[in-house]
Amino acid sequence: MSKVEAVTNPSREELLRIIDSALSTEVMLTIFARCKVHYDGRAKSELGSGDRVIIIKPDGAFLIHQSKKREPVNWQPPGSFVTVEKRDGVVILRSVRRKPREILEVELEGVYLVSLFKAEDYEELALTGSEAEMAEFIFKNPKLIEPGFKPLFREKQIGHGIVDILGRDRDGNLVVLELKRRKADLHAVSQLKRYVEALRKEHDNVRGILVAPSLTSGAKRLLEKEGLEFRKVQPPKREKLGKGRQKTLF
């Protein structure tokens, strides 16, 4: 088959053919339909007729989305067994999860579009590290900031907040590091400025360095205006997690 096959307003025969093909091969099935949903498992629920997007993945994951919110309104996890049948002239999608036993049935009252997608994706999810992991990374590799930099404290409490890393440079100047795991913006610069100004009330020479993978043009201009510095540091990568699935739904 080609990478993608799609049919709009399919006949019942076309719909059954495409669904059968999807369930017997390693493809992703997507259906835009008016449907009813019945669930029986740890509880019972009924969802009346409405327009939804149904996604069935090769691993058995079964998702039903409404036109609002990011979470599916109904779902079954990977490993569920999906079948299709005709019942009283209506096409029924049925997903069964064995342990715990849960049954999800979808009555396809009208289908606007059905598609098959032969998705090839062999990558696993590598999550970017947190700011705490960035701090640990810098403590182990202080040359990432500059030669001679010596980190002294992590999450150091001062009067105006908590400094991510407080250290000294090779000349003995106090150095404040503000860490951001994503692109730094004006708020990050203002935060760093506030910490530096607070410490300058008690110390003669204080430097402020914003540490992030990148920064906005506005943040760059404000850093230069305030006499603060920037170091480009990528957060460390975490270990790849179980087949790249986020642990939000399943």
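**Surface and overall form**

I began with the accessible surface of the protein chain, which comes to about 14800 Å², with 48% of that area belonging to carbon and sulfur atoms; the areas come from the Shrake-Rupley method with a 1.4 Å probe, and for residues only the protein chains shown count as cover. I note that this is a predicted model, in which local features need pLDDT of at least 70 and side-chain atom pairs count only at pLDDT 80 or more, while totals for chains, interfaces and linings use all residues. Residues are numbered from 1 along each chain as its sequence is written, and side-chain values use heavy atoms, with hydrogens and water left out.

I then looked up the elements and found 4 helices and 13 strands in the protein chain, where helices (H or I, at least four residues) and strands (E, at least two) are DSSP runs numbered from the N terminus. The radius of gyration is 27 Å, well over the 18 Å that the globule rule gives for 250 residues, so the protein chain is more spread out than a compact globule; the radius is taken over C-alpha atoms, and the rule is 2.2 Å times the number of residues to the power 0.38. Along its principal axes the C-alpha trace spans about 85 × 35 × 35 Å.

Of the 250 residues, 39% count as buried, which is to say under 20% relative accessible area (1.4 Å probe, protein chains only). Taking contact as heavy atoms within 4.5 Å, I noted that residues 24 or more positions apart account for 54% of the contacts with a separation of 6 or more.

**Strands around β8**

I followed strand β8 (residues 102-117) through its pairings, two strands being paired if DSSP finds at least two bridges between them. Strand β1 (residues 4-8) runs antiparallel to β8 with 5 bridges, and E5 stands opposite L116. Strand β2 (residues 28-40) is also antiparallel to β8, over 13 bridges, with D40 opposite I103. Strand β7 (residues 90-97) is joined to β8 by 7 antiparallel bridges, S95 having L104 as its bridge partner, and β7 and β8 form a hairpin with 4 residues between them.

**Helix α3 and its cover**

Helix α3 (residues 186-200) has 15 residues and reaches 21 Å from its first C-alpha to its last, close to the 21 Å expected, the expected span being 1.5 Å times one less than the number of residues. At its start, a side-chain oxygen of D185 reaches to within 3.2 Å of the backbone nitrogen of H187.

I listed A188, V189, Q191, L192, Y195, V196, A198 and L199 as buried in α3. What covers these residues includes β9 (150-158), β10 (161-168), β11 (174-179), β12 (206-212) and α4 (217-226).

In β12, 7 of its 7 residues are buried. I checked both faces and found V206, G208, L210 and A212 buried on one side, with R207, I209 and V211 buried on the other. In a regular strand the side chains alternate between the two faces of the sheet. Strand β12 pairs with β11 in the parallel sense over 6 bridges, and L179 stands opposite V211.

Last, I looked at R231, which lies in strand β13 (residues 229-232) and is buried, with a relative accessible area of 18%. Leaving aside its neighbours within four places in sequence, R231 is in contact with I145, E146, R207, I209, L210, V211 and A212.

Notes: Buried means under 20% relative accessible area, exposed over 50%, partly exposed in between (1.4 Å probe, protein chains only). A polar contact is a pair of N or O atoms within 3.5 Å; within protein, one must be able to donate a hydrogen and the other to accept it, and residues adjacent in sequence count only if both atoms are side-chain atoms.
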